[in-house]
Amino acid sequence: MSFASRAREEIAQRSLQKDCCVRAAAYGFACFAKYFDKGGLVLQTEQPHTVQLARELFARCGVQGDVLEKQRPSGVLYEFNIREPEQVVRMHELFGTTGSETSLQIDPALIRCQTCVSAYIGAAFLCSGTVTDPQKEYNLEFLTARTNLARDFEALLAEHEFAPHRTRRNGVNLVYVKNSANLERLLRFMGAAGAAEEIHAQKAFKQVRNQTNRQTNCDTANLGKTARANAQTLRAIRYLQENDALETLPEVLQQAAAVRLQYPDLSLTALCGCFDPAVSKSGLSHRMKKLEALADALRQRVEKGQEAEP
């Protein structure tokens with residue numbers, strides 16, 4: 001089962017006690033259904049628990065509807081509809097609509113309390129919402145062909161500080177939430193506490209993984225830097241050695257060169273402990289740079305001498 005399906009199942013299993021909240025949830029189904037007009041209501045989904053909940057909520061409001069199953073090549077399509085003329089009249093009386101409205105907007109009188117808001121948004125999600133698996137990205141969205149409804153719905157989410165955005169995609173209105181913290185809060189608000197916990201756990205996992213990756217990248221960069229520095233010093237020491245110049249240097253430089261040749265892969269910090277007595281990192285760094293400078297100076301003299309030869 002996908003993450004979105006688990007979230008829908010949680011929301012569908014939520015129990016509503018107050019009559020106003022039951023009506024608000026039924027109103028959410030009506031607003032975001034495929035059809036809601038003078039001919040009745042049609043809600044279609046691939047989730048059987050969604051149509052069962054819609055039938056139960058409308059029945060509690062005194063409106064009877066039917067649930068159908070339609071076989072398709074891709075799977076079963078479940079439909080909840082209200083088409084009987086008498087039931088259609090009751091439905092519109094319940095919501096104070098006629099079905100002939102030129103545009104559908106949210107009636108605030110049908111959403112009376114905080115739980116009503118939660119029930120309405122949850123029903124909207126069951127009808128037309130989806131949420132991306134948090135392992136991929138953070139995104140929750142609602143789709144509707146009704147522009148004024150989308151505008152009102154965005155305002156409703158904004159009023160409760162979920163920071164929604166609205167756009168159009170292929171001629172359909174899209175209201176979405178992308179911020180992970182707001183998405184987590186919205187899922188919990190709709191009744192999908194388990195899905196919200198999954199997002200919270202995934203965020204924690206990503207933070208640990210990103211921190212580990214940053215540390216690994218830092219360590220890798222440091223290892224590369226150390227290897228390049230060691231190789232540069234070793235080349236200088238070997239050049240001095242090949243030109244019989246190493247034994248002419250002061251004892252401290254000869255000792256530094258000998259220890260570096262003995263331990264070519266150690267970092268400068270680790271190499272400090274190989275001296276008796278131990279030397280400071282800054283002191284050893286100074287000696288290594290001195291060896292490199294002497295090798296460069298010798299190389300320049302040799303090159304000039306070769307150029308001066310007839």
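Analyst: This is a predicted model, and the questions below take its labels one by one.

User: Why is Glu 184 called buried?

Analyst: The relative accessible area of Glu 184 is 13%. Buried means under 20%. So 13% puts Glu 184 in the buried class.

User: What makes Arg 188 partly exposed?

Analyst: Arg 188 has a relative accessible area of 36%. Over 50% would be exposed, and under 20% would be buried. A value of 36% lies in between, so Arg 188 is partly exposed.

User: How do you know that Arg 188 and Glu 184 form a salt bridge?

Analyst: Look at the distance from N to O, which is 3.6 Å. The rule asks for a side-chain nitrogen of Lys or Arg within 4 Å of a carboxyl oxygen of Asp or Glu. The pair passes, so it counts as a salt bridge. Both residues lie in helix α7 (residues 180–190). They are four residues apart, about one turn of the helix.

User: What makes Arg 188 and Glu 197 a salt bridge?

Analyst: The N to O distance for Arg 188 and Glu 197 is 3.1 Å. That meets the 4 Å cut-off, so the label holds. Glu 197 is partly exposed, at 40% relative accessible area.

User: Why does Arg 23 have no salt bridge?

Analyst: The nearest side chain of opposite charge is Asp 107, 7.7 Å away. A salt bridge needs 4 Å or less, so Arg 23 has none. Arg 23 is buried and sits in helix α2 (residues 19–32). Leaving aside neighbours within four places in sequence, its contacts include Cys 61, Leu 94 and Phe 95.

User: What makes the largest cavity a cavity, and which residues line it?

Analyst: A cavity is a space where a 1.4 Å probe fits but cannot get out. The count comes to one cavity of 30 Å³ or more. The largest cavity has a volume of about 90 Å³, so it passes that size limit. Among its lining residues are Ile 11, Arg 14, Leu 53 and Met 190. Helix α5 gives the largest share, five residues. By class, the lining has nine nonpolar, two polar and one charged residues.

User: What makes the largest pocket a pocket rather than a cavity?

Analyst: A pocket is an open set of points, whereas a probe in a cavity cannot get out. The largest pocket holds about 400 Å³ of space. Of its 15 lining residues, those closest to the centre include Thr 226, Asn 230 and Lys 281. Helix α8 supplies six lining residues, the largest share. The lining divides into three nonpolar, seven polar and five charged residues.

Methods. Residues numbered from 1 in each chain as written. Predicted model: local features only at pLDDT ≥ 70, side-chain atom pairs only at ≥ 80, totals over all residues. Heavy atoms only, no water. Helix = DSSP H or I, 4+ residues; strand = E, 2+ residues; numbered from the N terminus. Buried < 20%, exposed > 50% of the residue type's maximum accessible area, 1.4 Å probe, protein only. Lys, Arg positive; Asp, Glu negative; His and termini not counted. Contact = heavy atoms within 4.5 Å. 1 Å grid on protein atoms, 1.4 Å probe; cavity = no way out; pocket = protein on both sides within 12 Å on 5 of 7 lines; lining within 4 Å. Points joined across faces, edges and corners; volume = space filled by probe spheres on them. Nonpolar A, V, L, I, M, F, W, Y, C, P; charged D, E, K, R; others polar.
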